[in-house]
Amino acid sequence: MNHWILVAGAALIGGAINSVAGGGSFLTFPALIFAGVPAIPANATNNTAMWLGVIASARGYREEVRAHRHLLVAASIVSLIGAVIGAVLLLHTPPKIFERMIPWLLLFATIVFALSPLVTKERDTARPHTPFQLVVQFFIAIYGGYFGAGMGILMLAVLSFSGLPNMNTANGLKNVLSIVINGTALIPFVIAGIIVWKIALLMAVFTMIGGYAGSRFFRRVPSQITRVVVLCIGAAMSAYFFVR
């Protein structure tokens with residue numbers, strides 16, 4: 001019972017965190033490990049629960065997504081392809097080497113996100129992803145299909161150079177791309193039969209509640225405050241994995 005309470009609570013808080021910045025998996029994935037789920041099934045189970053939670057988060061930002069959905073086509077295509085590659089890699093390779101890259105990847109993304117106001121400004125008309133952004137998004141999708149913790153931070157760093165009008169819009173588009181990545185990675189995991197469904201469904205319920213509540217709350221918060229929250233989460237996640 002303690003394990004059920006642990007994963008449910010982590011899913012609730014993780015869903016709220018994912019709605020604003022990503023990084024909820026840093027709570028939910030360790031909770032699954034602590035509950036006795038082996039590492040790779042825990043990753044697949046976490047992906048399933050987070051996918052449903054991000055759907056709720058995207059609904060919370062539906063106004064911003066509706067206004068900029070034309071920017072998502074090319075990014076969604078490369079995200080779909082990258083997610084398949086990442087999921088297949090997870091099923092066929094040990095995660096140790098990739099895990100050692102995570103703190104450096106997160107630190108780089110956090111620094112880029114912190115410096116992005118120096119080179120980009122909020123505009124009334126957003127730009128689609130540039131070819132360089134699409135290449136970076138492709139590799140983020142591979143990472144998302146493979147492990148995914150902190151994926152939201154990386155996508156926000158990429159989106160910060162698209163001249164989006166505010167952080168709420170960036171969060172909304174990030175959540176839609178997360179749906180594409182997590183949903184695509186789910187297919188190989190289902191075929192491989194490694195998802196612990198009873199835990200995934202429990203977590204999904206609480207992730208959806210946290211995701212929707214978090215998105216509706218943070219979309220009313222000024223962009224600068226949201227940016228500080230994102231940077232704090234990114235710094236904390238980077239520090240955690242460097243220590244680990």
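## Helix α11 and M237

Helices are DSSP runs of H or I with at least four residues, and they are numbered from the N terminus. Helix α11 covers residues 223-243 and contains M237. The structure is a predicted model, in which local features need pLDDT of at least 70 and side-chain atom pairs count only at pLDDT 80 or more, while totals for chains, interfaces and linings use all residues. Residues are numbered from 1 along each chain as its sequence is written, and side-chain values use heavy atoms, with hydrogens and water left out.

M237 is buried, at a relative accessible area of 6%; buried means under 20% relative accessible area, exposed means over 50%, and partly exposed lies in between, with a 1.4 Å probe and protein chains only.

Helix α5 comprises residues 73-92 and includes V73. V73 is exposed, with a relative accessible area of 54%. Together with I77, L80, I81, V84, I85, V88 and L89, V73 makes a nonpolar surface patch of about 630 Å². Such a patch is made of residues with over 30% relative accessible area and no salt bridge, nonpolar side chains (Val, Leu, Ile, Met, Phe, Trp, Tyr) being joined within 5 Å and like charges within 9 Å. A salt bridge is a side-chain nitrogen of Lys or Arg within 4 Å of a carboxyl oxygen of Asp or Glu. Accessible areas come from the Shrake-Rupley method with a 1.4 Å probe, and for residues only the protein chains shown count as cover.

Helix α5 also packs against helix α9 (residues 167-192), at an angle of about 35° and with the axes 8 Å apart. The axes are lines fitted to C-alpha atoms over the stretch in contact, and angles run from 0 to 180 degrees between N-to-C directions.

Helix α8 (residues 151-159) is mostly covered, with nine of its nine residues buried. The axes of α8 and helix α6 (residues 96-115) come within 9 Å and cross at roughly 35°. This crossing is left-handed. The contact, defined by heavy atoms within 4.5 Å, involves L105, A109, T110, V112 and F113 of α6 with I153, L154, L156 and A157 of α8.

Q137 belongs to helix α7 (residues 131-146) and counts as buried at 1% relative accessibility. Setting aside residues up to four places away in sequence, Q137 touches A75, V78, S79, M155, L177 and I181.

A8, in helix α1 (residues 2-20), is buried, with a relative accessible area of 9%. Beyond its neighbours within four places in sequence, A8 is in contact with L202 and F206. The C-alpha atoms of A8 and T207 are separated by 8.1 Å, and these residues are 199 residues apart along the chain.

A39 is located in helix α3 (residues 39-60) and is partly exposed, with a relative accessible area of 41%. A39 touches F29 and I33, not counting residues up to four places away in sequence. The C-alpha atoms of A39 and F29, 10 residues apart along the chain, are separated by 8.6 Å.

Terms used:
Helix = DSSP H or I, 4+ residues; strand = E, 2+ residues; numbered from the N terminus. Left-handed = near helix turned anticlockwise from the far one by under 90°.
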